[in-house]
Structures are given as structure tokens and as C-alpha cells.
Amino acid sequence: MEITSAKFVVSNSRADMCPDGNLPEYAFIGRSNVGKSSLINMLTNHSKLAMTSSTPGKTLLINHFLINNSWYLVDLPGYGYAQRGKKVMENIKNLIQHYVLERIQMTCLFVLVDSRLEPQKIDLQFIEWLGENSVPFALVFTKSDKQSAGKTKQNVERFLDTLKEQWEELPPYFITSSEKKTGRQELLDYIESVNRT
Ligand code: GTP
Ligand code: MG
């Protein structure tokens, strides 16, 4: 699949104010700064469609981007960024929970994990929460350009091994670099395959 058009539609502070209609949505979640907004720009071939920053906590709202006039990519705020204070953290947590649990248009949730790091408790806890709530998801290991392919593979395997301790079946997973456009076609093809079913 190729993306022929991508446009920003709306930012929302509440999941129940997201666009009406039944177009399927593919949403990106993960720790602050893991590369969610950058991945949306990489997939759509736009350098500034979603706002990115080297400082964590850039995306604070739910952002809908209409793709090929037929489905949405959704940029969510990151979890786990304490710097903005308790109240903001609480708001973000609520917003994520409502979107993930109640948004019936959400067709797949991509959970982004930093490929440079060993398994992080906060990611494992979030994935456990998805499991408890029967939310289907796929994993995306980001920033693979930042280290050797061998190191990425090692970290990915460690993460999957940790999941295997609790899960009978592993989710689909992708290795990406927004910098080098690694994994772009695989992700788009996956979205297309889910869109058809
Ligand atoms: P929040 O909105 O704060 O939750 O962050 P985010 O997950 O949307 O991250 P964002 O896309 O803003 O990227 C954070 C930083 O990481 C930026 O400085 C990006 O340029 C950088 N970055 C993101 N993806 C990659 C990547 O694949 N490779 C490299 N080298 N840098 C990346
Ligand atoms: Mg962001």
C-alpha cells in the first residue's frame, strides 16, 4: 500500500470528542519521546505533519490524521513522563485509557518501544494492562538506526523473551527507524492487511 494523501484533521483533549463516523483508526502509543510522532511523519512522507521534539512530552492531545481519505493514523500522548506534574500526568493517563478502551474505531494499537533499551517496566506494565483488557496490539521497536543491527536484534529478542514468560502468543512486531525509513513498507502492508479483514 502507498499513502497518497495525508492531512491533519483535529486535536482533542477527550476521547469522546474524536471524529464521528466509522473510518478505521491505527493509533500509536508508547513512552514519551519513543518516536510516535516521528513514525507518523515517516509513514506519510511528511517531515512536519505530526509535531516532534527532542524534549519528551511534546504530544499532549489525541491527533487524527486522515490518510487516503479512508482511514486515520492517530498520534497519542506518551506515557511515563513525570516532568509536567501530577495533574497533567493524570489527564494524559485518563485520555489514553478512554481512547484505548472505548474508541471502537481503533482497529490496531501500535505500542512503540525504544529498541536501544532493555525491557522497561513501564512498557511491560502497559502491555500487561492491554492484556487484562483484551486490547489487540502490535509492537514497534523504534530508533533502530541508533545502534548496530546486532544490538537491536538482541534487545528485541530480550523484550520478546520477557513477554513469552506471560503470553502464550506473541504480538506481531516491527523494527523501525524514522530516520532511515526502516520498516515503512512492512508497517503499511500490515495496516493494509488489517484494513481488509
Ligand atoms: P511525545 O510526543 O513527547 O510523547 O514523543 P514522541 O513519542 O512523539 O517522540 P517524537 O516523535 O517527538 O521523537 C522524539 C525524539 O526522538 C525526536 O528528537 C526525534 O527526532 C527522535 N527520533 C524519533 N524517531 C527516531 C528514529 O527512528 N531515529 C532517530 N535517530 N531519532 C528518532
Ligand atoms: Mg509525539
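**Figure 1. The residue after helix α1.** Asn45, which comes just after α1, has a positive phi of about 60°. Helices here are DSSP runs of H or I with at least four residues, strands are runs of E with at least two, and both are numbered from the N terminus. The model is predicted: local features need pLDDT of at least 70 and side-chain atom pairs count only at pLDDT 80 or more, while totals for chains, interfaces and linings use all residues. Residues are numbered from 1 along each chain as its sequence is written, and chains are lettered from A and ligands numbered from 1 in the order in which they are written.

**Figure 2. Helix α1 and its buried residues.** A buried residue has 20 or more other C-beta atoms within 10 Å of its own, with C-beta atoms placed from the backbone. The buried residues of α1 are Lys36, Ser37, Ser38, Leu39, Ile40, Asn41, Met42 and Leu43.

**Figure 3. The cover over α1.** Strands β2 (25-30), β3 (62-67) and β4 (71-75) are among the elements that cover the buried residues of α1. The cover also includes β5 (106-114), β6 (137-142) and α5 (184-196).

**Figure 4. The chain around these views.** The chain has 5 helices and 7 strands. From the N terminus, their order is β-β-α-β-β-α-β-α-β-α-β-α. Of the 197 residues in the chain, 35% are buried. The C-alpha atoms fill a box of roughly 40 × 40 × 35 Å along the principal axes.

Definitions and conventions:
A residue is buried if 20 or more other C-beta atoms lie within 10 Å of its own, exposed if 12 or fewer, and partly exposed in between; C-beta atoms are placed from the backbone. Two residues are in contact if their C-beta atoms, placed from the backbone, lie within 7 Å.
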